[in-house]
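Me: Can you walk me through this model? Pockets first, then the rest.

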Amino acid sequence: MNRVTSTAYDSPVGPILLTFIDDALVRLHVAHDGLDVARAEIAQRLGVVPDPDASIGRGVVAQLDEYFEGARRSFDVSLDWRFVRGFTRAALEATLQIPYGEVASYGEVSMMAGAPRAARAVGTACASSPFSIVVPVHRVVRADGSIGEYGGHPDVKEYLLTLESDAVLGETLHASA
């Protein structure tokens, strides 16, 4: 029997509910509607109420702290992909190839995922990602360079993109000084 746990994380973009099955992250949910709603959603999807347990998520929390400080560029997290199937998974895995501080268009990601005409499907995949932030769907933008809606929260996407570009710019300025 798998152990299902969750912990809350207070981030600069709002409260985040981290849910794990055993030691793998099954969902990172920026809880715009509150942690109670996020807990109810994941309990319904999994068919079980996760046990509150901050110890399982300590490593992810530490990595999120580093990310939001501009010190972490990628995450070393075991992911449980049970909510992701087919092309959606290929699209989400393709976003992992987008370098920190850079962006790619939905069309570019569809090519990276092996389906050059599936830009709209990439948008759907990004919108339904159970691993927001850890799998950097925020780095995927429209063909015209505009950032898009990001699940109805473009301010969060803009924050994440600015955080990353500022960190890269700070390193560049520091290296040239």
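Reply: Pocket terms first. On a 1 Å grid over the protein atoms alone, a pocket is an open set of points with protein on both sides within 12 Å along at least five of seven lines, where a cavity is a set of points where a 1.4 Å probe fits but cannot get out. Lining residues have an atom within 4 Å of a point. This is a predicted model: local features need pLDDT of at least 70, side-chain atom pairs count only at pLDDT 80 or more, and totals for chains, interfaces and linings use all residues. Residues are numbered from 1 along each chain as its sequence is written, and side-chain values use heavy atoms, without hydrogens and water.

Me: Which residues lie nearest the centre of the largest pocket?
Reply: His32, Ala127, Ser132, Tyr150 and Gly151, out of 22 lining residues.

Me: Which element gives the most to that lining?
Reply: Strand E3, with four residues. Strands (E, at least two residues) and helices (H or I, at least four) are DSSP runs, numbered from the N terminus.

Me: Where does the largest pocket lie relative to the domains?
Reply: Between domain 1 (4–69) and domain 2 (86–175), because both give residues to its lining. Those bounds come from an automatic or database domain assignment.

Me: How many residues of each domain are in contact?
Reply: Twelve of domain 1 with 14 of domain 2. Contact means heavy atoms within 4.5 Å. The domain centres, taken over C-alpha atoms, are 21 Å apart.

Me: New topic. At what angle do H3 and H5 cross?
Reply: Roughly 80°, with the axes of H3 (86–95) and H5 (119–127) coming within 9 Å. Axes are lines fitted to C-alpha atoms, for helices over the stretch in contact, and angles run from 0 to 180 degrees between N-to-C directions.

Me: Which residues make the contact?
Reply: Phe87, Thr88, Ala91, Leu92 and Thr95 of H3, with Ala121, Val122, Ala125 and Cys126 of H5.
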